[in-house]
Amino acid sequence: MGDSSITPRLGNTKALLGIVAGAGASYGIYKLISFKRNKKSSTSGESASVKSTPPQSEVKLQPGSLLARVSGLDVVCPRPVDAASGDIIHQSPNNLEPQHLKMLLSCLQTSDNPLDRCRILVTLGNAAAFTVNQNLIREFEGIHIIAGLLFDSAPELRVQALNALNNLCMNIQNQEQIKIYVPKVLELIEMSPVNSDLQLGALRLLTNLSVTDKHQHLLKESVTLLLSLLVVSNETLQVQTLKVLVNLSSNPDMMDDIVQAQAPASVVLLFDQPTAPAVLLRLLTFAGNLKAWRPSAQVADELRRKQDCLFRVMLDESSQLHSRLVQLLSHPDGEIQAQVARILT
């Protein structure tokens with residue numbers, strides 16, 4: 001980073017933080033207002049990408065067929081154009097043929113039964129664990145069909161859609177289509193109950209999408225949201241949230257946005273011996289990435305003038321982080337001790 005001034009990047013961020021004080025024992029919960037600009041892009045992405053299925057003749061799937069076994073119910077569903085018959089033999093996810101995937105995607109679009117659609121999504125998600133199916137689902141416009149259910153009112157459908165997209169996201173080509181739904185995924189994290197399956201599924205998807213630096217810029221305005229979630233969630237969500245933050249902080253080009261993000265002061269309270277080791281280890285990795293960043297004197301002075309930014313909370317000389325790290329040198333876990341020592345040296 002040069003000596004030039006940092007352009008304020010959070011001036012237009014429509015996020016308000018509220019802290020519920022509790023003698024340092026309870027953490028604040030934060031309500032973040034959705035990013036309107038991102039919402040617009042997610043809505044337009046869905047309407048532009050999801051294809052409608054033309055009317056086709058209906059066929060009742062017979063007992064023992066693929067969909068009947070998936071749903072456990074008799075379902076009326078359009079017959080795919082290239083399907084040879086209504087009977088599709090049940091197969092393991094790695095053995096599904098292209099026409100099976102077409103049938104499932106077609107039924108996913110036309111069924112009005114949430115339970116049936118949920119079971120179809122589970123099958124597609126399992127199938128998407130295999131590379132050949134990842135490619136086929138993309139070629140059949142399945143990514144946009146599945147992602148369309150992120151906008152459904154049923155939470156269980158949104159959860160299974162996130163799980164399926166998570167497996168599809170392991171494919172680099174698929175990421176190019178999945179990335180347009182990042183604003184909606186962030187909205188689900190923000191608006192869903194804390195510690196819900198929706199938040200966990202969304203965070204897992206963002207973890208896979210942020211493994212490389214290609215799409216990390218899409219998350220630069222989400223750091224405040226992630227930090228706020230970190231201090232109010234349970235261990236499982238804390239670990240998943242930190243996986244995303246570690247990915248982002250591993251990219252020097254993202255550091256400018258990360259250190260300017262608003263951060264709850266209580267985040268430093270997590271650097272404590274009672275914190276679960278799985279959380280603490282990732283928290284120390286995140287802190288180590290931040291400490292490796294070296295701003296110029298001019299940039300540091302400008303950041304000190306930004307109220308409640310992450311720089312002031314964790315990196316400034318006035319931060320409590322240093323004293324808390326020193327205390328962690330006596331942690332019973334040797335790996336935690338080693339990470340702390342590396343940060344302090």
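The legends below describe close-up views of a predicted model.

**Figure 1. Overall content of the predicted model.** The protein contains 18 helices and two strands. Of its 345 residues, 52% are buried. Among the contacts with a separation of 6 or more, 69% join residues 24 or more positions apart.

**Figure 2. Packing of helix H9 against helix H10.** H9 covers residues 182-191 and H10 covers residues 197-209. Their axes are 8 Å apart, and the angle between H9 and H10 is about 140 degrees. The crossing of H9 past H10 is left-handed. On the H9 side, the contact is formed by Val182, Val185, Leu186, Leu188 and Ile189. H10 contributes Gln199, Ala202, Leu203, Leu205, Leu206 and Leu209. By class, the residues of this contact between H9 and H10 are ten nonpolar, one polar and no charged.

**Figure 3. Packing of helix H10 against helix H12.** H12 spans residues 235-249 and packs with H10 at an angle of about 25 degrees, the two axes being 9 Å apart. Angles under 35 degrees count as roughly parallel, so H10 is roughly parallel to H12. H10 and H12 cross in a left-handed sense. The residues of H10 in this contact are Gln199, Leu200, Leu203, Arg204, Leu206 and Thr207. Those of H12 are Thr236, Leu237, Gln240, Thr241, Lys243, Val244 and Asn247. The contact of H10 with H12 comprises five nonpolar, six polar and two charged residues. Gln199, Leu203 and Leu206 of H10 also take part in the contact with H9.

**Figure 4. Packing of helix H14 against helix H18.** The axes of H14 and H18 (residues 334-344) come within 10 Å and cross at roughly 15 degrees. H14 and H18 are therefore roughly parallel to each other. H14 passes H18 in a left-handed crossing. From H14, the residues that meet H18 are Pro277, Leu280, Leu281, Leu284, Thr285, Ala287, Gly288 and Lys291. Their partners in H18 are Glu335, Ile336, Gln339, Val340 and Ile343. The contact of H14 with H18 divides into eight nonpolar, three polar and two charged residues.

**Figure 5. The aromatic pair of Trp293 and Phe311.** The structure holds one aromatic pair. Trp293 and Phe311 are arranged edge-to-face, with 6.4 Å from centre to centre and 85 degrees between the planes. Trp293 sits in the loop between helix H14 (277-291) and helix H15 (297-304), while Phe311 belongs to helix H16 (residues 310-315), so the pair ties together parts that are 18 residues apart in sequence. Trp293 and Phe311 are both buried.

Figure 6. Met254 is located in the loop between H12 and helix H13 (255-260). The relative accessible area of Met254 is 4%; because buried means under 20%, Met254 counts as buried. Leaving aside residues up to four places away in sequence, Met254 touches Gln216, His217, Leu219, Lys220 and Leu248. One of these, Gln216, is 38 residues from Met254 in sequence, and the C-alpha to C-alpha distance between Met254 and Gln216 is 7.7 Å.

**Figure 7. Pro274 in the loop between H13 and H14.** Pro274 occupies the loop between H13 and H14. With 71% relative accessibility, Pro274 is exposed. Pro274 and His331 are 57 residues apart along the chain, and their C-alpha atoms are separated by 9.7 Å.

Figure 8. Most residues other than glycine have a negative phi. Glu141, which is not a glycine, has a positive phi near 60 degrees. Glu141 lies in the loop between helix H5 (131-139) and helix H6 (142-147). The relative accessible area of Glu141 is 25%, and the residue is partly exposed. Asp308 is likewise not a glycine and has a positive phi of about 65 degrees. Asp308 is found in the loop between H15 and H16. Asp308 is partly exposed, at a relative accessible area of 41%.

Key
Residues are numbered from 1 along each chain as its sequence is written. This is a predicted model: local features need pLDDT of at least 70, side-chain atom pairs count only at pLDDT 80 or more; totals for chains, interfaces and linings use all residues. Side-chain values use heavy atoms; hydrogens and water are left out. Axes are lines fitted to C-alpha atoms, for helices over the stretch in contact, and angles run from 0 to 180 degrees between N-to-C directions. Helices (H or I, at least four residues) and strands (E, at least two) are DSSP runs, numbered from the N terminus. A crossing is left-handed if the near helix is turned anticlockwise from the far one by less than a right angle, and right-handed if clockwise. Contact means heavy atoms within 4.5 Å. Ala, Val, Leu, Ile, Met, Phe, Trp, Tyr, Cys and Pro count as nonpolar, Asp, Glu, Lys and Arg as charged, and the others, Gly among them, as polar. Angles under 35 degrees count as roughly parallel, over 145 as roughly antiparallel, 65 to 115 as roughly perpendicular and the rest as oblique. Rings of Phe, Tyr and Trp (its six-membered ring) pair if their centres lie within 6.5 Å; planes under 30 degrees apart count as stacked, over 60 as edge-to-face and the rest as tilted. Buried means under 20% relative accessible area, exposed over 50%, partly exposed in between (1.4 Å probe, protein chains only).
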